[in-house]
Amino acid sequence: MIFQKLSEKQKQIFRWCYQPDSYALICDGSVRSGKTAAMSCSFVHWAMSQFDHQNFAFCGNTVQATERNILMTIQQMTDITYYYTLKYIGSKHVLTISGGGHENYFYIFGGKDESSYKLVQGITLDGILFDEVALQPESFVNQAIARTLSVENAKLWFNCNPDSPEHWFYKQWILQTDAGERPDVLHLHFEMQDNPIMTPEKIAKTTTLYSGVFYDRYIKGLWVLAEGLVYGTVFDKNRHVIEKYDDSNATDYYISIDYGTLNPCSMGLWALEQDKAVRIREYYHDGRKKGVQLTDEEYYAELEKLGDGYPIRHVIIDPSASSFIATIKRHGKFRIRKANNSVIDGIRNTMTLLEHDKILICECCKDIIREFSLYRWDDKKSYEKDTVIKENDHAMDDMRYFVNTAMSRILRKNLQE
Ligand SMILES: Nc1ncnc2c1ncn2[C@@H]1O[C@H](COP(=O)(O)OP(=O)(O)OP(=O)(O)O)[C@@H](O)[C@H]1O
Ligand SMILES: [Mg+2]
């Protein structure tokens, strides 16, 4: 990439580190607002102009995410490659940058990777760029910062999208900086308009990608709590529930399962079209309520009944349901896909699809319709980390498995840039 021109906010990213008494920079705010690109370029220029034969770190959520978000950005940035030579050794996760008579080493760490904890303990760092710091554990961030304390001119660079207002980073860094308690820290709040390539059309398109709490955080850039009904602002019976389904446009059929023995077991039969999915039938058994626990074989018989007459491409199931997966395999009739079970991503994707009417529900699917009006964020636990209440979440979970596993193409193709 080449920086077209820099926005005023981005220019501040390039200037702050040369000012006296500047210790840390925090850039928070909307997605695609030009935080990572400007910070990583500025970070490299600062390190290369001020230091020689020193160590630096790029820290992200995982090593892989950091390689993708930072390393690849830098390697493709003409504003860096024109001045410096870059050499990355993947096995050691270290990028050597040389030029202008200096050579420095940039280590890549992942806050969620066990090995990064150990590696970061043994190293002295002159500067750290934390990309998406709100996704990294506090203990990891503090350990990394501790590695800079013996260096006089070390500087810290943080960027993130907002999370809960109770998040440790918001409270300890952003609020304290805003309150004037950290005079050597600069806080810049970014919106999409602060990225020169974000035209009004691109902004409008990106805006449609999020709803509910994710809209407030990723579009408006606000630190807000996930509370109330999870799908409260998007699910609308008048829009999403249909009386009957004509399957002439269906290209595939799937069954998604949230398995439970004591807890309810929910299965949804989905028809997938080019650009949407319809839940056409479902099976829901609440063993506790009905006072009857079913065996895996009995559940399997229900699965066959649900799929009867439909060419089922895959049964999508929670990977932890190992006994039931074994039963399905033994019968040799259905192909299995283990569900991608990442909760918050799944909820965000489902919200986006509902917002665009890409998920419809036949009115015979009473239990999922019921759960839509009951499934809630856990207002107490969500203070620390977005958490849903583990009740009335069975059809919600099977839908999430389906969305995460079978609808990613529709998400990408129809909704993203
Ligand atoms: N001044 C600029 N000139 C040209 N392209 C830019 C400029 N600033 C940012 N970009 C490009 O805009 C895109 C989004 O920028 P970036 O990834 O830095 O945003 P971000 O704020 O980190 O977003 P997120 O919060 O989603 O991580 C990237 O492709 C980046 O290369
Ligand atoms: Mg970024």
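I count a residue as near a molecule or strand if its C-beta atom, placed from the backbone, lies within 6 Å of it.

**Ligand 1.** Of its 18 residues, Val31, Gly34, Lys35, Thr36 and Ala37 come nearest. Helix H2 (residues 35-50) gives the largest share of the shell, four residues. Helices (H or I, at least four residues) and strands (E, at least two) are DSSP runs, numbered from the N terminus. By class I noted nine nonpolar, seven polar and two charged residues in the shell. Nonpolar stands for Ala, Val, Leu, Ile, Met, Phe, Trp, Tyr, Cys and Pro, charged for Asp, Glu, Lys and Arg, and polar for the others, Gly among them.

**Numbering and limits.** Residues are numbered from 1 along each chain as its sequence is written, while chains are lettered from A and ligands numbered from 1 in the order in which they are written. Since the model is predicted, local features need pLDDT of at least 70 and side-chain atom pairs count only at pLDDT 80 or more, but totals for chains, interfaces and linings use all residues.

**Two loops.** I looked up phi next. Most residues other than glycine have a negative phi. Arg32, not a glycine, has a positive phi of about 55°. Arg32 sits in the loop between strand S1 (24-29) and H2. Arg32 counts as buried because it has 20 C-beta neighbours inside 10 Å; the cut-off is 20 or more other C-beta atoms within 10 Å of its own, with C-beta atoms placed from the backbone. His93 also shows a positive phi, near 55°. I found His93 in the loop between strand S3 (85-89) and strand S4 (94-99). His93 has 22 C-beta neighbours inside 10 Å and so counts as buried.

**Whole protein.** I noted 17 helices and 15 strands. Of the 417 residues, 42% are buried. The C-alpha atoms fill a box of roughly 70 × 45 × 40 Å along the principal axes. The protein is divided into domain 1 (8-210) and domain 2 (237-415), with bounds from an automatic or database domain assignment. Their C-alpha centres lie 39 Å apart.

**H14 and H16.** How do the axes of helix H14 and helix H16 cross? The axes of H14 (residues 343-355) and H16 (residues 394-406) come within 9 Å and cross at roughly 80°; axes are lines fitted to C-alpha atoms, for helices over the stretch in contact, and angles run from 0 to 180 degrees between N-to-C directions. H14 and H16 are therefore roughly perpendicular, a term for angles of 65 to 115 degrees. The contact (C-beta atoms, placed from the backbone, within 7 Å) includes Ile347 and Leu353 of H14 and Met399 and Val403 of H16.

Conventions
Buried ≥ 20, exposed ≤ 12 C-beta atoms within 10 Å, placed from the backbone. Parallel < 35°, antiparallel > 145°, perpendicular 65-115°, else oblique. Contact = placed C-beta atoms within 7 Å.
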